Amino acid sequence: MTGKGYFGGQPKAKESSGIAYQGQSYTGNPTMSVNNNYGGGGAGHGSPKFGSTGGGGGGYGTRGDNGETLKYRSNTFNGGIGGDTYGDPSLKVLHLGSGGGSGHPSYNYNGYKGGNGGGAIKIITDKLVIEKNGWIICDGESGSFVRRQPLVSGNGGGSGGSIHIICEQLENDGVIRAKGGKGSDKGKYECSNGGKGGYGRIRIDYPPNCPIFRPGTIEPEIGYSKWE
C-alpha cells in the first residue's frame with residue numbers, strides 16, 4: 001500500500017516565476033500555495049531573481065518537514081510548509097496519508113511531482129503471522145527525482161498511511177511500517193531540497209490474556225491497546 005494514499009503535488013510546467021502545487025489531503029484538491037493543504041505539503045515557489053525552493057512533506061501522524069530554505073546572496077527564501085497532523089491514534093477512521101508538495105521548476109525545465117501518501121489497511125483475524133522478510137507496509141512515496149537539472153527544486157515526500165490490526169495472537173518476525181517518504185534532492189545552482197513526509201498511524205488491538213504477542217519491528221512504534 002505504499003503510495004496508495006492522497007496524491008503528491010502535480011508538476012508545473014517551466015516558468016520564470018510563481019508557485020507550484022500543494023499535495024492533496026483529506027480536505028480535497030490542492031492549489032498553488034506555499035502554505036500546506038492541511039495534511040498536504042506546501043509547494044515550492046520561484047523567481048528568476050533568486051531561483052526556486054522545494055516542496056514540503058505531507059503530514060498525518062506527525063508533521064511533514066518544510067522544504068529546505070534557500071539562502072541567496074543576502075536574502076532567505078522559505079520552502080513549502082510541511083503538512084499538519086490529523087486524525088487520532090484510536091484509528092476510528094482510517095485516513096490515507098497526504099501528498100508532498102511539488103518543488104518549483106525553473107524557466108528552462110519542467111517541475112516534478114511530490115510523493116503520494118501511504119494507503120490504509122485494516123486486518124481482523126484470530127492469529128496474524130508475519131514471517132521473516134514479510135511485511136505490512138503503508139509508506140508514503142519519496143518525492144520525484146529531479147535529475148540534477150539547473151534551478152529545479154526537490155519535491156516533498158508523502159506521509160505514511162494507516163494500519164489497524166485486531167487479533168488474538170500476533171507473531172511478527174517481519175516489518176509493520178507506515179513511515180513518510182524522503183524529500184527529493186535539489187537540482188543544481190540556486191534551488192533547495194524537498195521536505196520529508198511525516199509518519200502515519202499504527203494501532204494493534206489484542207486481548208489482555210493474549211497467549212502470543214511478539215510485535216517485532218514496528219515503525220512508528222505507537223498505538224498498542226489491550227481489549228477491555
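The largest nonpolar core has 16 residues. A nonpolar core here is a set of buried Ala, Val, Leu, Ile, Met, Phe, Trp, Tyr and Cys residues joined through side-chain atoms within 4.5 Å. Buried means under 20% relative accessible area, exposed over 50%, partly exposed in between, with a 1.4 Å probe and protein chains only. Touching the most other members are Leu 128, Ile 136, Ile 163, Ile 165, Ile 176, Ile 202 and Ile 204. Strands β6 (120-130), β8 (162-172) and β10 (201-206) each supply at least two core residues. β8 gives the most, 4. Strands are DSSP runs (E, at least two residues), numbered from the N terminus.

A word on provenance. This is a predicted model: local features need pLDDT of at least 70, side-chain atom pairs count only at pLDDT 80 or more, and totals for chains, interfaces and linings use all residues. Residues are numbered from 1 along each chain as its sequence is written, and side-chain values use heavy atoms, leaving out hydrogens and water.

Now charges. How many salt bridges does the count come to? It comes to 6, each a side-chain nitrogen of Lys or Arg within 4 Å of a carboxyl oxygen of Asp or Glu. Lys 127 pairs with Glu 171, closest N and O 3.2 Å apart. Lys 127 sits in strand β6 and Glu 171 in strand β8, so the pair ties together parts 44 residues apart in sequence. Lys 127 is partly exposed, at 43%. Glu 171 is buried, at 15%.
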